Amino acid sequence: MKLQVLLVEDDSGDLKRFEQALPPVFQQNQVEVTLHPCGDFADAFKFASDPLRRYDLIISDTYRGATQNGDADVLNMVNAYRGSKFCPLVVYSSGVKPATLKESQFVLWADKGKPGDIERALTDVLKTGVPQIARKLHEELEKSAASFLWPFLEDNWTTLSKTGKLDAALAERLIRRRAAIQIGDLDHDGENYVPILRRSGSEYYIYPRLAHSHYSLGDVLRQKKIPTDFRIVLTPHCHLFTQPGQTCPRADYVLTVKAVPAASVLGEKIANAKALTEKQARHKKLERWTRSPAQTEGKPEGRYWFLPGFLDIPHVFCDLLQIESIPYGQLVSEYDAIATLVAPYAEALQACFVGFYGSVGIPLLRLESIEDLLEDQKA
């Protein structure tokens, strides 16, 4: 997999030096580089934003404007790329790094005057794997769209268009939805669509929550004043949507379930499991505890639904005996929606809630009254 790298430089002498010094690093990391001379940042950004080009890493000189505007120019450049490009940045200069420039694994600063420093930053950012992810996602999206375009849309476009059941806008949504599902469940070689039987806890959530103007089933809420207080929305999507021209959804109250720390439910069982010497035995305990609904924890049976920890969401159990209907306005003012449970977890939690409260207990039969069931019945 060849990575596409854009190197932006306004000094022709430095550009020639890079042509000689950087190829060994590029070859070692399977990188194909485009060297772009430019006069200012606007020219560089326009070149990088050309839809006919796709770069997985951008290496860019910084001080192109007036010296007194240097810091601002650097930050504006970084923020522009951050807001529009899914690729890391290596920014370099012979000047001093701006104090307000926040470095990370995805934005690295290099000293232009220090031999080998640009190569060092390039190697470091390639180690994160993000440029490789950017390239792979681009290729997988292309393949996914192509697999829908040629075998299906090409054969059925005319028929569907005549019936009014398909237009360009709908086709775009169908391709986008299909690609999201298909790419999400590709195997490691990026070729086959396979069912994933076990998932990481991070895959339970869309984190951070997608920006929208209304709550959704499965939203993970955290109280602003008590950051250890987590709740999950149980109200269906349709009741939470705010109609055009309205300020609130149809639901004046939003039904939530309280999430309690897993340790408070499991207690000493955690310490007992940790004491087990065999990994397989410990894993059996974990699987039994976290199977949702938890059949062996708490009373009555089916009371708890497990959610794995991710970032600031701890390992928790949704306690179906702690249900609270919160006024919509209070929810907005007192809680932050930090994540959303993805399908099928949100729907499964809702189904567990409905089943838990929809169950009807009936007396057991007197076995003596059905003993004749054991008799050998002749045809």
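1. Helix 6 passes helix 7 in a right-handed crossing. This is a predicted model. The axes of helix 6 (residues 130–162) and helix 7 (residues 168–184) come within 9 Å, and the crossing angle is roughly 130°. The two helices are therefore oblique to each other.

2. Which residues make this helix contact? On the helix 6 side they are L137, E140, L141, S144, A145, S147, F148, L153 and W157. Helix 7 answers with A168, A171, L174, I175, R178, A179, Q182 and I183.

3. Seven strands form an open sheet in the order 6-12-7-8-9-11-10, and the pairing is antiparallel. Strand 6 (205–206) and strand 10 (304–307) are the edges. Each has a single partner strand, so one side of each is left without a neighbour in the sheet.

4. Within the sheet, strand 7 (residues 219–223) and strand 8 (residues 230–233) run antiparallel and are joined by 3 bridges. For R222, the bridge partner in strand 8 is F230.

5. Helix 13 (residues 345–358) packs on this sheet. The strands it touches are strand 8, strand 9 (253–261), strand 10, strand 11 (316–327) and strand 12 (335–341). The direction of helix 13 makes about 85° with that of strand 11.

6. The largest nonpolar core has 25 residues. Y205, V220, I232, L307 and L341 have the most contacts inside it. At least two residues of this core come from each of strand 8, strand 9, strand 10, strand 11, strand 12 and helix 13. Helix 13 gives the most, with 6 residues. In soluble globular proteins, nonpolar side chains tend to be buried together.

7. Y205 deserves a separate look. What does Y205 contact, leaving aside neighbours within four places in sequence? The partners are V220, L307, P308, F310, I313, A339, T340, L341 and V342. Of these, V220, L307 and L341 are also listed with Y205 among the residues with the most contacts inside the core.

8. Finally, N79. This residue lies in helix 4 (residues 70–84). Its relative accessible area is 46%, so N79 counts as partly exposed; the exposed class begins over 50%. N79 and L101 are 22 residues apart in sequence, and their C-alpha atoms are 9.9 Å apart in space.

Key
Residues are numbered from 1 along each chain as its sequence is written. This is a predicted model: local features need pLDDT of at least 70, side-chain atom pairs count only at pLDDT 80 or more; totals for chains, interfaces and linings use all residues. Side-chain values use heavy atoms; hydrogens and water are left out. Two strands pair if DSSP finds at least two bridges between them. Helices (H or I, at least four residues) and strands (E, at least two) are DSSP runs, numbered from the N terminus. Contact means heavy atoms within 4.5 Å. Axes are lines fitted to C-alpha atoms, for helices over the stretch in contact, and angles run from 0 to 180 degrees between N-to-C directions. A nonpolar core is a set of buried Ala, Val, Leu, Ile, Met, Phe, Trp, Tyr and Cys residues joined through side-chain atoms within 4.5 Å. Buried means under 20% relative accessible area, exposed over 50%, partly exposed in between (1.4 Å probe, protein chains only). Angles under 35 degrees count as roughly parallel, over 145 as roughly antiparallel, 65 to 115 as roughly perpendicular and the rest as oblique. A crossing is left-handed if the near helix is turned anticlockwise from the far one by less than a right angle, and right-handed if clockwise.
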